[in-house]
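Welcome, and please take a look at the structure below. The briefing after it starts with a working term and then goes topic by topic.

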Amino acid sequence: MKTSLAALFAMGALCATADAHVRQLAQPVSVRADSIQVDERTGLSTYRGHVRIVQNGITVRADVVRVRSVRGKLFWIHAHGAPLHMEDQKTHGLPLFGTARTMDFEAASDEVTLTGAVVFRQGVNVLHGHIVHYYVRSQRITAVRGRQRVRARIVPHTHKPSSGPKP
C-alpha cells in the first residue's frame with residue numbers, strides 16, 4: 001500500500017520514481033475555478049471556488065489553491081477545502097482516492113504535507129491520520145496522530161482461495 005499511496009499526493013507533483021516525477025511535472029496542467037488571480041510580479045497565483053486541477057490522470061479538487069512560481073520554476077503549492085479531494089487513476093492498479101483539509105507541497109524539499117482528517121482509500125485498503133507527510137525523493141510516508149491514533153487497514157494480496165484441504 002505504501003507505493004500505491006505515494007502515487008496520489010499532490011497535483012502531479014508526486015510519482016513512484018524520480019524520473020517519473022520529473023516527467024509528471026512537465027505534463028500540461030488544466031485548471032478550472034470560479035476565479036483566478038495571477039500576480040506576475042510576485043509569482044503568486046490564487047485559484048478560488050470549485051477549483052479543479054488535472055494533470056496526467058491526477059485530479060485535485062479544492063476550495064482555494066495558491067501556487068508560487070517564478071519564471072516557470074515551482075516553489076510551493078497550498079490547497080485547502082472542506083475537504084479537498086484527490087484522485088489518482090494512474091496507480092498501476094486500483095484508483096486511489098483521498099481527502100484532507102489542507103495540502104502543502106514544498107518543491108525545494110520535495111515534500112507534501114496533508115493535514116486534517118486525512119483519509120486515503122485504494123480498493124479495500126484505507127489510511128487515516130491527522131497529518132501525513134510524503135517525502136518524494138525517498139518515497140517515505142509518515143502519518144501522525146491528532147486527537148485520534150493513526151489507523152490503517154491493509155489487505156494483502158491473496159492467491160485463489162483453496163477449496164479446503166486435499167485428501
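A contact here means heavy atoms within 4.5 Å. This is a predicted model, where local features need pLDDT of at least 70 and side-chain atom pairs count only at pLDDT 80 or more, while totals for chains, interfaces and linings use all residues. Residues are numbered from 1 along each chain as its sequence is written, and side-chain values use heavy atoms, with hydrogens and water left out.

**Overall picture**

- The protein has 2 helices and 10 strands; helices (H or I, at least four residues) and strands (E, at least two) are DSSP runs, numbered from the N terminus.
- Along the sequence the pattern reads α-α-β-β-β-β-β-β-β-β-β-β.
- Of the 167 residues, 36% count as buried; buried means under 20% relative accessible area, exposed over 50%, and partly exposed in between, with a 1.4 Å probe and protein chains only.
- The accessible surface comes to about 10300 Å², and 53% of it belongs to carbon and sulfur atoms; these areas come from the Shrake-Rupley method with a 1.4 Å probe, and for residues only the protein chains shown count as cover.
- Among contacts between residues at least 6 apart in sequence, 41% join residues at least 24 apart.

**The nonpolar core**

- The largest nonpolar core has 22 residues, and V65, M86, M103 and L114 have the most contacts inside it.
- Strand 3 (44–55), strand 4 (58–70), strand 5, strand 6, strand 7 and strand 8 each give two or more residues to this core.
- For the term itself, a nonpolar core is a set of buried Ala, Val, Leu, Ile, Met, Phe, Trp, Tyr and Cys residues joined through side-chain atoms within 4.5 Å.
- As a general background, nonpolar side chains tend to be buried together in soluble globular proteins.

- Strand 5 (residues 73–88) pairs with strand 6 (residues 96–106) in the antiparallel sense over 10 bridges; two strands pair if DSSP finds at least two bridges between them.
- Within this pairing, I77 stands opposite F105 in strand 6.
- Strand 6 and strand 7 (residues 111–122) also run antiparallel, joined by 8 bridges, and D104 has T113 in strand 7 as its bridge partner.

**Around Y47**

- Y47 lies in strand 3 and is buried, with a relative accessible area of 14%.
- Setting aside residues up to four places away in sequence, Y47 touches V31, A33, S35, I36, D63, V64, V65 and V67.
- Y47 and S35 are 12 residues apart along the chain, and their C-alpha atoms are separated by 5.9 Å.

- E111 lies in strand 7; leaving aside its neighbours within four places in sequence, E111 is in contact with D104, F105, E106, H133, Y134 and Y135.
- E111 and Y134 are 23 residues apart in sequence, yet 5.8 Å apart in space, C-alpha to C-alpha.
- The side chains of E111 and H133 are joined by a polar contact of 3.0 Å; that term covers a pair of N or O atoms within 3.5 Å, where within protein one must be able to donate a hydrogen and the other to accept it, and residues adjacent in sequence count only if both atoms are side-chain atoms.
- N125, in strand 8 (residues 125–135), counts as buried at 13% relative accessibility.
- A polar atom of the N125 side chain lies 2.6 Å from the backbone nitrogen of V155.

**The salt bridge**

- What is the count of salt bridges? The count comes to 1 salt bridge, by the rule that a side-chain nitrogen of Lys or Arg lies within 4 Å of a carboxyl oxygen of Asp or Glu.
- The side chains of D39 and R41 meet in this salt bridge at 3.6 Å, N to O.
- D39 counts as partly exposed at 27% relative accessibility, whereas R41 is exposed at 73%.

**Backbone geometry to check**

- Most residues other than glycine have a negative phi, and most peptide bonds are trans.
- D110, in the loop between strand 6 and strand 7, has a positive phi near 55 degrees and is buried, with a relative accessible area of 7%.
- A117 in strand 7 has a positive phi near 50 degrees and counts as partly exposed at 41% relative accessibility.
- A cis peptide bond joins A82 and P83, with omega about -10 degrees, and P83 is found in strand 5.
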